Amino acid sequence: MKKIIGILFTTLWIVSAVSAQIYFNRDTSISVQENGFDFKHSWVGGINAAQPSEIDLNLDGVNDLIIFDRTGNKITPFLSINGEYIFAPEYRSAFPNLHDWVLLEDYNCDGKQDIFAYSSGGIEVYENTSTSSLSFTLVTSLLLSDYGANNFNLFVSSVDLPAISDIDNDGDLDILTFAITGGFVEFHKNMAMENYGNCDTLAFEFNESCWGNFFEGLNSYFINCTACNVNSCTPAFVPNNANSKQKHSGSTLLAIDVDNDSDKDLVLGDVSFNNLNLLINGGNNQNANIIAVDSIFPANNTNTIATNLHLFPTPFYLDVTHDGVKDLVVTTNSQANSENFESVWLYANNGTNNLPDFNFVSKSFLQEDMIDLGEGAYPVFFDYNNDSLQDIIVGNYGYHDINGNDVSGLALFKNTGTPSLPTFDLVTRDFAGISTINLNMILNIPAKNIYPTFGDLDGDNDKDMIIGDADGNLHYFTNNGGTPSNFSLSVANYEHIDVGYFATPQLVDVNRDGLLDLLIGNMMGTITYFPNKGTLNTAVFDSIVSNFGGIDVDSLYISTGYSAPFLVDINGEYHLYIGSNYGGIYHYNNIDGNLSGNFNLISNTEQNIKEGSKTALCIKDINNDQIPDMIIGNYCGGLSYFSGDTVTTNMNEIYSSNLFLIYPNPANENLFIQSEINGEINLFNILGELIIREEKSTENHKLNVSSLPSGIYIIKLENSTLKFVKE
């Protein structure tokens, strides 16, 4: 049961489901663990290249957190509640479409964080216009600066990050950014206070062409640069392997006061190196002058280690330890080749905002609490141990290797729950030992971008495995039987099938003749259909139907659609769902009896679900309610779970009005119910029986559920209901 309207509880809803439209509602209640550790944020969807910012999402006066991920341009919101972060994806829809980089700062001094984001070689700005719910309004699609004779685009590269801060300490936000030619940092002064006496205007003026009198080479720094002339500079920090005259090809800036002298110092990350550099400002807030470079920042005491990320470390300054003091968070600014689940370093600040004392805490802040399978996540349901519970096998592009030899494999999530209440245990990240098998026959090395599918191809009543790879080939593994399933490689480069690049196969009886056929997506975004011309005991895929259904996903935006098909029978009718490069889920019907024609596109953003880039999905009823459920993987290496229903649940409306939030979910001892609404709380079991009734009189109500049996329950407050799971 997924949603209850009023107090109508009956098992007859299952019967009516067979003729109703299927909706997929986000569900974070299913428990997942690895090595006995329970993930707090299992279904967040992974993190690769995070850009964190503070913002009050639910307008309760407390700063919450968003993570913008350059990998997939994905926003992941978290509410800050009682000193903990709670995943709150319902706030995603309030944000505009953003890409490449995003920084949140309050430019008009109204106490609300506004959006500064990349736009066409510059910056677009959205004002935070929230009143009763979170909202933004576009101020400018391209921020200009006064260069004297004319106003021109305030240039920021898509691979850089500017420093947006009050550099001159006059009360409005200024901008530091690298010049378009690189090397020197430009100072764009905001003239709002000077011209208007308040900070609610964006009025930039090109003020200095070499702020701080320094020059950046390839992770090398030169100071005392007079008249912005490179030849006049003095070496301050030059690594042995650096070419001092080579301009940067990607750098990030963070302006903070590290020595409490009322001027801004700079923390820089560079695309080519693994360290952060701290540039000390020996001038003042009106005339900056860099006098020293610390190349092992923030190793400021014996308890702190220097940053050492493989590629393009990027600093952010915000309070994530909930103590009112800003901490240092270091991530990577590289869209690909990040250090996967160790790419968000946290240094807690035991000092003050203007005299920080950074102490290393973790290399995997937030990541350690979620499913993260490196780059890419391609899930499929498969009962590997024949216990009639649906397990999950997940392929990936690979886990990060510092030498560039990423390791691809299959992760096994064993279902340790019950038919109606699944829970999962991440048993292994190398199921069937795929990472060690040389499937690339040309280079004699393991394949990349492993994408699995299962089906009985030899008529022995167990499911065999086919995996696609980055080269567009397939590989056939025979199931040798037993419990659990035991696979061995039967044929590499199976049937000599080659769909170009990035083969994403599904074994499914497309033409309903009793034999499993092959549907295969590819990097270009089309689908290829291989009908099975063999028998139940011997599959033969010797004919090809290209451009199946007339499908070419994301073709309006890009030539590489990365189609990932999943054909599913819903109520006797085939529906085709397809993951894509941009992340929208494509949904087609009019398939049965029309295999040689063009299918009907129902939506290219099915139910507005967007979980990041290069999405892949699988659909199956995993909680025994006769309604299909869906799991989506994305290129950040994470998974998202959506339970199927016959009634759509508009969680955005619920949360935007601050009506109803429960956590943790699943719960063991106490369940917290947060809402501005007070009144009677009713808790029902899945049969509709009233189990607990309590009066809620505070915004955050604690409900003791320790005595409840494990199972699914429904919490009702006024006319709204939410599901929670008792562990």
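Biologist: What makes you say that strand β37 is largely enclosed by the rest of the structure?

Modeller: This is a predicted model, and in it strand β37 covers residues 504–508, of which 5 of the 5 are buried, so the strand is largely enclosed by the rest of the structure. Thr504, Gln506 and Val508 point one way from β37, while Pro505 and Leu507 point the other way, and all are buried.

Biologist: Which strand is joined to β37 by bridges, and why do the two count as paired?

Modeller: The partner is β38, residues 517–521, and the two strands run antiparallel with 5 bridges between them. As an example of a bridge, Leu507 has Leu518 as its partner in β38. Strands of a sheet pair through backbone hydrogen bonds, either parallel or antiparallel.

Biologist: Why is Leu161 called buried?

Modeller: Leu161 has a relative accessible area of 4%, and buried means under 20%, so the word applies. Leu161 is found in the loop between β13 (151–153) and β14 (163–165). Leaving aside neighbours within four places in sequence, Leu161 is in contact with several residues, including Trp101, Leu103, Leu253 and Phe316.

Biologist: Why is Asn608 called exposed, and what is said of its phi?

Modeller: The relative accessible area of Asn608 is 70%, and exposed means over 50%, so Asn608 is exposed. Asn608 is not a glycine, although it has a positive phi of about 60 degrees. Asn608 lies in the loop between β43 (600–603) and β44 (616–620). Lys614 is found in the loop between β43 and β44 too, and its phi is near 50 degrees, a positive value in a residue other than glycine.

Biologist: What makes the contact between Lys326 and Glu54 a salt bridge?

Modeller: Side chains of opposite charge can pair when their charged atoms come close. For Lys326 and Glu54 the N to O distance is 3.3 Å, and a salt bridge has to be within 4 Å, so the pair qualifies. Lys326 lies in the loop between β25 and β26 (327–332) and Glu54 in strand β4 (residues 50–55), so the pair ties together parts that are 272 residues apart in sequence. Lys326 is partly exposed, at 28% relative accessible area, whereas Glu54, at 11%, is buried.

Biologist: How many salt bridges does a search of the whole structure find, and what can be said of the one between Glu611 and Arg92?

Modeller: The search finds 10 salt bridges. The side chains of Glu611 and Arg92 meet in a salt bridge at 3.1 Å, N to O. Glu611 lies in the loop between β43 and β44 and Arg92 in the loop between β7 (84–87) and β8 (102–105), so this pair ties together parts that are 519 residues apart in sequence. Both Glu611 and Arg92 are buried.

Biologist: Why is Glu194 called partly exposed, while Lys189 is called buried?

Modeller: Glu194 has a relative accessibility of 39%, which falls between the 20% and 50% limits, so Glu194 counts as partly exposed. Lys189 has 11%, which is under 20%, so Lys189 counts as buried. The side chains of Glu194 and Lys189 meet in a salt bridge of 2.8 Å, N to O, and together with Asp168 and Asp170 they are linked in a network of salt bridges.

Biologist: How do you know that the peptide bond joining Phe297 and Pro298 is given as cis?

Modeller: Its omega is about 0 degrees, and Pro298 is found in the loop between β24 (290–297) and β25 (313–318). The peptide bond from Thr483 to Pro484 is also cis, with omega near 5 degrees, and Pro484 is found in the loop between β35 (474–479) and β36 (487–491).

Terms used. Residues numbered from 1 in each chain as written. Predicted model: local features only at pLDDT ≥ 70, side-chain atom pairs only at ≥ 80, totals over all residues. Heavy atoms only, no water. Buried < 20%, exposed > 50% of the residue type's maximum accessible area, 1.4 Å probe, protein only. Helix = DSSP H or I, 4+ residues; strand = E, 2+ residues; numbered from the N terminus. Pairing = 2+ DSSP bridges. Contact = heavy atoms within 4.5 Å.
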